[in-house]
Amino acid sequence: MLKAQTCVTALWQHTEKNFRPGVYRKMACLHHSVGAVRRKSNCRPAAVLTATPARALIDEQITIQGRFLPPRWPVTVCARMHCDDGDLWEAFSHYNTNENGIVNLTSDPSVGGSYLGCEPMGLFWGLQPAPGEREGLRLRKKNVETPYIVHLSLLEGHVSPSGIPREESTEQLSALTVERWYMAPSVRRVEIRQNGIVGTLFLPSGPGPFPAMIDLWGMGGGLVEYRSALFASRGFASLSLAYFGHKDIPGPLHCINVGDAYFRSAYHLLQDHPQVCGDRIGVIGLSFGVYLALRMATQIDVKCVIGVNGPIGSVNKVSDSDDWREKFDSDQKYWAYDEHGNVSFREISLPANLPPERKVKLENLTCPLLYIVGEDDLSCASTENANQIEETLGALGRAELFTRLSYPGAGHLIEPPYTPNARASLWAVKPKKLVTLWGGHLAPHAAAQEDAWQKMLDFMECNLRR
């Protein structure tokens, strides 16, 4: 087209020198026609959406940009993915390009959609079940050897992708996919079914030996691996340990069938592993896992403890042996329900409601404890439990052992960064459908997860590696 324009211009100049009215009129028409084509051909290149890096660990921030767009132009950036169970999750946000026709999610504010303001990773922590999906979902990675594959798209205008009728269409300007991993390529995953222990051990790359963590979750049961996989991706061996609701643990699935002996055995198994530093083992717990982690720390020589929104005791009796057969829901005295029939377990965990004989003996705690509080926790009285720990250790002259991180607006499920928060999710379907309240608001909860994760890694680095 540039060549065509040059030829026409030369011909135009020649015609002006040798003016003839009929030719002039024809050339004027030709010049007008080619000029219109030129203006169209000189439009900016096709819009491009980029994400860097396109393959990253789940706790890594990525840079998302849209380029070659009209200046001061409204666009929508959309994220969609299917979880391991096949449910569709989505998030979207509205932006306006700058004077150069660029939108950069790292520095530009969202003006609408799933979140507002400058949130570089909002498309990830803002993911929610798409309209029409099952109720009560919570996003949890079940197979850590595969990534989440997230489809990102750039759309024209400020639109709600889910609200667009199928017969209508919004122009998709550009699209790409990114991979989000919990498990780095070099991490090794080892199933543990030994001496009655049920778990999964994740080992970092290299011969080791490595400092290690024992990873305990709450009363949702089963074997949750993704936090351990990410610990190993960051250089710490980690044993994700099942203790309830797993088919490989003998006894009824709805009962806790293990006791202190089981957790001691898990510790010694990890301690004896040739690729683990036997004198550099910590333990982390979330929810009821905090109680178990504290019990371990007061009975075994662990080097540090991390507790996330959990109690210092239990209404259920914990046995020293592995013949504990009490149902976790055997005492519903303190269960509370909201106007929708959703249940909160918060009052169960109030220190005043815990039998004294079933509280952890905090006077036996001699290692550093990092306790993380979500101030909007609707499942556990986390603030009250943190206060009790702080008061007890202070009275014993061990205040230096306790570090509290407290986050306004954060709920119960403080997980690795950019994990979407579920304020409530399905807890059980039998004998009746039960939805439990977790609490937390998307943006402050996401900020808490990002900050807490880095401080957890720093705490582990300080107490297990140095």
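Me: Is His-94 buried or exposed?
Reply: In this predicted model, His-94 counts as buried because its relative accessibility is 14%, where buried means under 20% relative accessible area, exposed over 50% and partly exposed in between, with a 1.4 Å probe and protein chains only. Residues are numbered from 1 along each chain as its sequence is written, and side-chain values use heavy atoms, with hydrogens and water left out. Local features need pLDDT of at least 70 and side-chain atom pairs count only at pLDDT 80 or more, while totals for chains, interfaces and linings use all residues.

Me: Where does His-94 lie, and what does its side chain reach?
Reply: His-94 lies in strand β5 (residues 88–96); helices (H or I, at least four residues) and strands (E, at least two) are DSSP runs, numbered from the N terminus. The side chain of His-94 comes to 2.8 Å from the backbone oxygen of Val-159.

Me: Which residues is His-94 in contact with, leaving aside neighbours within four places in sequence?
Reply: With those neighbours left aside, the contacts of His-94 include Val-75, Thr-76, Pro-109, His-158, Val-159 and Ser-160, contact meaning heavy atoms within 4.5 Å.

Me: Switching to helices, why is α4 described as largely enclosed?
Reply: Eight of the eight residues of α4 (residues 226–233) are buried, so the helix is largely enclosed by the rest of the structure. The cover over its buried residues includes β2 (55–57), β12 (197–203), β13 (210–216), β14 (237–241), β15 (276–286) and α8. Just after α4, Gly-235 takes a positive phi of about 100 degrees.

Me: And how many residues of α6 are buried?
Reply: In α6, 10 of the 10 residues are buried, so this helix is largely enclosed by the rest of the structure. Its buried residues are covered by elements including β13, α5, β15, β16 (304–308), β19 (369–374) and α7 (382–395).

Me: What about the largest nonpolar core, how many residues has it?
Reply: The largest nonpolar core has 74 residues, and those with the most contacts inside it are Ile-64, Leu-123, Phe-124, Leu-152, Phe-231, Ile-306 and Ile-372. Such a core is a set of buried Ala, Val, Leu, Ile, Met, Phe, Trp, Tyr and Cys residues joined through side-chain atoms within 4.5 Å. Helix α8 (residues 442–465) gives this core its largest share, nine residues. Apart from this core lies another, of 60 residues, among them Ala-212, Tyr-243, Ala-293 and Val-360.

Me: Which residues does Ile-306 touch, not counting those up to four places away in sequence?
Reply: On that basis, Ile-306 touches residues including Met-213, Val-283, Leu-370, Ile-372, Met-456 and Phe-459.

Me: Last topic, the backbone: which peptide bond from a Thr to a Pro is cis?
Reply: The peptide bond from Thr-52 to Pro-53 is cis, with omega near -10 degrees, and Pro-53 lies in the loop between β1 (48–52) and β2. A further cis peptide bond joins Gly-208 and Pro-209, with omega about 0 degrees, and Pro-209 is found in the loop between β12 and β13.

Me: Where is Arg-72, and is Arg-72 buried or exposed?
Reply: Arg-72 sits in the loop between β3 (63–67) and β4 (74–82) and is exposed, with a relative accessible area of 58%. The phi of Arg-72 is near 50 degrees, a positive value in a residue other than glycine.

How values were computed. Polar contact = N/O pair within 3.5 Å; in protein donor to acceptor, adjacent residues only side chain to side chain.
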